[in-house]
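Morning, everyone. Let me put the model on the screen, and then we'll walk through a few spots.

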Amino acid sequence: MYQSATFEECGVSIDNTEFDGKSINVDCSEFIEENLTDKTFGERLRKSRLKLGLSISDVARLCNVTDSVISGYECNRYNPTKEILSLLSSIFDMDYLCIDGYVKLVYNFDEFLDKLSLWIKENNLTQKDAANKLGISRGLFRFWFDGCVIKISTYNKIKDNLQKYQLI
């Protein structure tokens, strides 16, 4: 008796075969570890999901989004919101998923704002001065403190300044 299992995400098809009433099962964890990269948030999400044996649909249900949104994250077409990251934290290791870059900033945005406030205070800056040093408008600066998260386009534009002032 042959049973076929396919991991489309991995690009692998595995046959679990039964000989003389004994089942032969294939463990994909080694394949996942050796063949899937984890350079981006999307790659780390895919790798983590597969290690846990979850489908894209399982993760989509957890996050109350469509399968295509999760697929978009995994393919690095979209970036998750802080709310989605919070939902993902119930089953995934967020220290691994949000190891760097924009997604780390979004996930830890409250900490970023605390650092930013401290930097302003320690350097005796006005919001206008701080905004100028970072390369953003004063309005955008206030926007962050009113609870809105930085956009990826803004992050990419100012990340060198954020690093220069040790804010990320």
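Start with a helix pair. Helix α8, residues 109–122, packs against α9 at an angle of about 115°, and the axes are 10 Å apart. So α8 and α9 count as roughly perpendicular to each other, since that class runs from 65 to 115 degrees. The crossing of α8 past α9 is right-handed. Who makes the contact? On the α8 side, Leu116, Trp119 and Ile120; on the α9 side, Ala130, Lys133 and Leu134. Sort those by class and you get 5 nonpolar, no polar and 1 charged residues. Keep in mind that this is a predicted model.

Stay on α9. The helix covers residues 127–134, and Gln127 belongs to it. Is Gln127 buried, exposed or partly exposed? Partly exposed, because its relative accessibility is 34%, and that class lies between 20% and 50%. Now its contacts. Leave out residues up to four places away in sequence, and Gln127 touches Arg138, Phe141 and Arg142. One distance to note as well: Gln127 and Gly139 are 12 residues apart in sequence, and C-alpha to C-alpha they are 9.5 Å apart in space.

Last stop, helix α2. That one spans residues 41–51 and holds Ser48. Ser48 has 11% relative accessibility, so it counts as buried; the cut-off is under 20%. Which residues does Ser48 contact, leaving aside neighbours within four places in sequence? Phe92, Tyr96 and Leu97.

To recap: α8 and α9 are roughly perpendicular, Gln127 is partly exposed, and Ser48 is buried. Over to you.

Note on methods: Residues numbered from 1 in each chain as written. Predicted model: local features only at pLDDT ≥ 70, side-chain atom pairs only at ≥ 80, totals over all residues. Heavy atoms only, no water. Helix = DSSP H or I, 4+ residues; strand = E, 2+ residues; numbered from the N terminus. Buried < 20%, exposed > 50% of the residue type's maximum accessible area, 1.4 Å probe, protein only. Contact = heavy atoms within 4.5 Å. Axes fitted to C-alpha atoms, helices over the stretch in contact; angles between N-to-C directions. Parallel < 35°, antiparallel > 145°, perpendicular 65-115°, else oblique. Left-handed = near helix turned anticlockwise from the far one by under 90°. Nonpolar A, V, L, I, M, F, W, Y, C, P; charged D, E, K, R; others polar.
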